[in-house]
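Reader: Could you show me how to read the features of a protein model, one at a time?

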Amino acid sequence: YDINYNFDYSYYERTLTECKTPSLIQIAATYGSIKIFKFLWMQPSIIFDDNLICYAISGRNYEIIHICETKCPIDRAFQFSINSHQYELTDYFIDISEGNKESENLEDFEDNEDNIYSYLNHDHLIVAFESANYHILLPCLKKIAYIMDHIDNNVDDTSYCSLLRITHQDF
């Protein structure tokens, strides 16, 4: 097999993955096979997909996740951890991320500094709404209410509008 080999789609696969034909390294990350993952990672001709860290998060092997952090986009992993309700990893990504505090148009917003989720931006809140992640949404209700009260008619940004549409539909 080539190290960039992709498996054929199978109805019998027990993990639900993002793509229908995962690669060897994606499967190693999903199943937490650290020795195989490290072997593939060190190969000079290996092809890394942007979603490799999502497979590592699915496998919940922290050593593989830390290896993936060196070459994979963290924001995608952050959103995937919110979507898959993996609270420890979400908290971890909040801790290591800098500049996640949403400052534009929210200068007057004050929230409890003990609330780790107050640093989530509107993209993260949308993912939390779409995945019904109430563990994250409930501590952010003040922020969501602030967005609805102060930004509703004042912002042309479609991402804010989509958060408001989701909010109005769900509540």
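Reader: What share of the contacts with a separation of 6 or more comes from residues 24 or more positions apart?

Author: Contact means heavy atoms within 4.5 Å, and in this protein residues 24 or more positions apart account for 52% of the contacts with a separation of 6 or more. This is a predicted model, in which local features need pLDDT of at least 70 and side-chain atom pairs count only at pLDDT 80 or more, while totals for chains, interfaces and linings use all residues. Residues are numbered from 1 along each chain as its sequence is written, and side-chain values use heavy atoms, with hydrogens and water left out.

Reader: How many helices and strands does the protein have?

Author: Helices (H or I, at least four residues) and strands (E, at least two) are DSSP runs, numbered from the N terminus, and here the count is ten helices and zero strands.

Reader: Is Leu89 buried or exposed?

Author: Buried means under 20% relative accessible area, exposed over 50%, and partly exposed in between, with a 1.4 Å probe and protein chains only. Leu89, which lies in helix α6 (residues 87-96), has a relative accessible area of 2% and is therefore buried. Beyond its neighbours within four places in sequence, Leu89 is in contact with Ile57, Tyr62, Ile65 and Ser81.

Reader: Why does Tyr9 count as partly exposed?

Author: Tyr9, placed in the segment before α1 (24-30), counts as partly exposed because its relative accessibility is 43%. Over the whole protein, buried residues make up 42% of the 171 residues.
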